[in-house]
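Please open the model in your viewer and keep the selection tool at hand.

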Amino acid sequence: MSLKKYLLAPGPVPVPPNVLNAMAAPMIHHRSPDFVELFAEVKEGLKYLYQTSQPVMILAATGTGGMESAVTNFLSPGDKAIYVNGGKFGERWGKICAAYGVQTVEVKVEWGRSVDPAAVKAALDANPDAKAVYVQASETSTGVAHDIRAIGELTRNLAAITVVDAITAMGVVNVPMDEWGLDVVVSGSQKGYMLPPGLAFVGVSEKAWRLNATAKCPHFYFDLAKERKNLETNQTVFTPAVSLIVGLREVLKMVRQETLQGVFERHDRLAHATREGLKASGLRLYPVGTPSTAVTAVMAPEGMDGQEIYKTLRTKYGVTAAGGQDQLKGTVFRIAQLGYADTFDTITAVAAVEMAITTLGGKVNLGAGVKRAQELLLAK
Ligand SMILES: *Cc1c(COP(=O)(O)O)cnc(C)c1O
């Protein structure tokens with residue numbers, strides 16, 4: 001048993017102490033001037049993070065609530081939508097569409113691979129009546145990134161919108177919503193935002209708002225048009241998650257201070273060192289496609305159970321990572337370098353993986369991965 005706990009999972013992630021402190025302040029009322037001032041500030045901060053001139057709606061929900069709103073507010077029952085399914089979260093787009101009677105065209109991607117934009121183009125060509133393309137920027141279940149820039153480009157001059165689940169991409173990698181022509185971009189508080197779970201964010205382009213005007217899928221709580229209207233007066237439709245929004249203000253200040261470029265470079269540096277470090281430990285990475293910058297999916301060594309590694313990390317070393325999901329259960333474990341993460345989180349991750357595998361009697365080059373990660377993370 002270890003005294004200290006380390007949260008290195010792909011959400012929730014650790015919350016910085018200054019943010020925790022801010023959230024402990026006495027409650028303010030959401031129809032008060034204090035809240036209006038707070039909301040005005042976070043509204044601008046979110047535009048900076050999303051790199052958009054469009055308002056970004058804030059919902060009291062987890063990321064999946066944001067995903068659901070990105071279906072029901074833009075489509076009608078019987079509409080056709082294309083979705084990229086390369087993992088657990090891609091699959092979720094299909095399930096949400098099905099729940100609302102939206103016809104789906106699946107672009108199936110072998111787990112571990114990135115979608116080939118040509119496959120999305122082929123689906124669009126074959127289905128000119130498709131109203132939307134749903135995709136993940138980072139498929140957390142497989143640790144793989146999809147080329148959302150190329151997909152945004154495909155629909156730029158079509159009627160169809162591109163809807164991106166950027167839940168493990170926003171605040172991690174570059175997702176310039178306006179520049180890349182992304183129409184709906186969803187993110188969530190417990191990932192790159194380094195906040196507790198409970199907020200979903202949805203950015204909407206002008207093109208998507210036009211589709212919103214004709215959308216007939218039932219929705220009541222997640223009504224983005226009503227939220228946009230309320231946003232103009234710095235209000236939400238229902239009681240917002242006030243404490244989380246107080247925390248959000250602190251987080252957005254931190255992002256501005258570090259700059260977007262700084263945030264992206266930090267994650268890139270940590271992800272690179274994690275991957276190269278674990279390879280030097282003698283491990284194999286799972287992705288065949290572009291690896292996600294937020295989360296590293298690692299193959300359990302031959303003959304070892306990935307769930308045992310994940311469990312040993314937690315019970316012996318106090319490190320909470322993540323196991324594999326569905327078909328990857330047992331073969332893969334995942335380590336995040338996401339949100340409030342820096343140099344020594346990566347060193348800890350690589351060291352802990354080497355130690356957990358050694359503890360289980362597995363073969364690993366103890367210390368070699370740490371050394372490689374140290375070399376890559378040496379301050380310039
Ligand atoms: C975490 C996550 C979600 C949302 O999950 P919630 O549990 O609803 O917050 C959706 N998509 C991706 C890619 C994620 O990583």
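At roughly what angle do the axes of helix H12 and helix H13 cross? To find out, select residues 343–359 for H12 and residues 368–377 for H13; the two axes come within 8 Å and cross at roughly 165°. The coordinates belong to a predicted model. Since angles over 145 degrees count as roughly antiparallel, H12 and H13 are therefore roughly antiparallel to each other. Their crossing is right-handed.

Next, display the side chains at this contact. On the H12 side, select Thr343, Thr346, Ile347, Val350, Ala351 and Glu354; they meet Ala368, Gly369, Val370, Ala373, Gln374 and Leu377 of H13. By residue class, the contact of H12 with H13 comprises seven nonpolar, four polar and one charged.

Remain on H12 and select Val353, which is located in this helix. Is Val353 buried or exposed? Its relative accessibility is 1%, and because buried means under 20%, Val353 counts as buried. Show its surroundings: leaving aside residues up to four places away in sequence, Val353 touches Leu278, Leu283, Leu313, Phe333 and Ile335. A distance label may also be drawn from the C-alpha atom of Val353 to that of Val319; the separation is 9.2 Å, for residues 34 apart along the chain.

Now move to helix H11, residues 306–317, and select Gln307, which has its place there. Gln307 is buried as well, with a relative accessible area of 15%. Which residues does Gln307 touch, not counting those up to four places away in sequence? They are Gly323, Gly324, Lys329 and Gly330.

The following stop concerns another helix pair. Select residues 63–72 for helix H3 and residues 88–99 for helix H4; here the axes come within 10 Å and cross at roughly 50°. H3 and H4 are therefore oblique to each other, and H3 passes H4 in a right-handed crossing. To view the contact, show Thr64, Met67, Glu68, Ala70 and Val71 of H3 together with Phe89, Arg92, Trp93, Ile96 and Cys97 of H4. The residues of this contact of H3 with H4 fall into seven nonpolar, one polar and two charged.

The last part of the tour turns to aromatic rings. A pair of such rings is described by the distance of the centres and the angle of the planes. How many aromatic pairs are counted with ring centres within 6.5 Å? The count comes to six. Select Tyr193 and Phe201 to see a stacked pair, with 4.3 Å centre to centre and 20° between the planes. Tyr193 and Phe201 are both buried.

Then select Phe220 and Phe238, whose rings form a tilted pair at 5.9 Å centre to centre with 45° between the planes. This pair links distant parts of the chain, 18 residues apart: Phe220 is in the loop between helix H7 (206–212) and helix H8 (224–231), and Phe238 is in the loop between H8 and helix H9 (242–258). Phe220 is exposed, its relative accessible area being 58%, whereas Phe238 counts as partly exposed at 29% relative accessibility.

Note on methods
Residues numbered from 1 in each chain as written. Predicted model: local features only at pLDDT ≥ 70, side-chain atom pairs only at ≥ 80, totals over all residues. Heavy atoms only, no water. Axes fitted to C-alpha atoms, helices over the stretch in contact; angles between N-to-C directions. Helix = DSSP H or I, 4+ residues; strand = E, 2+ residues; numbered from the N terminus. Parallel < 35°, antiparallel > 145°, perpendicular 65-115°, else oblique. Left-handed = near helix turned anticlockwise from the far one by under 90°. Contact = heavy atoms within 4.5 Å. Nonpolar A, V, L, I, M, F, W, Y, C, P; charged D, E, K, R; others polar. Phe/Tyr/Trp six-rings, centres within 6.5 Å; stacked < 30°, edge-to-face > 60°. Buried < 20%, exposed > 50% of the residue type's maximum accessible area, 1.4 Å probe, protein only.
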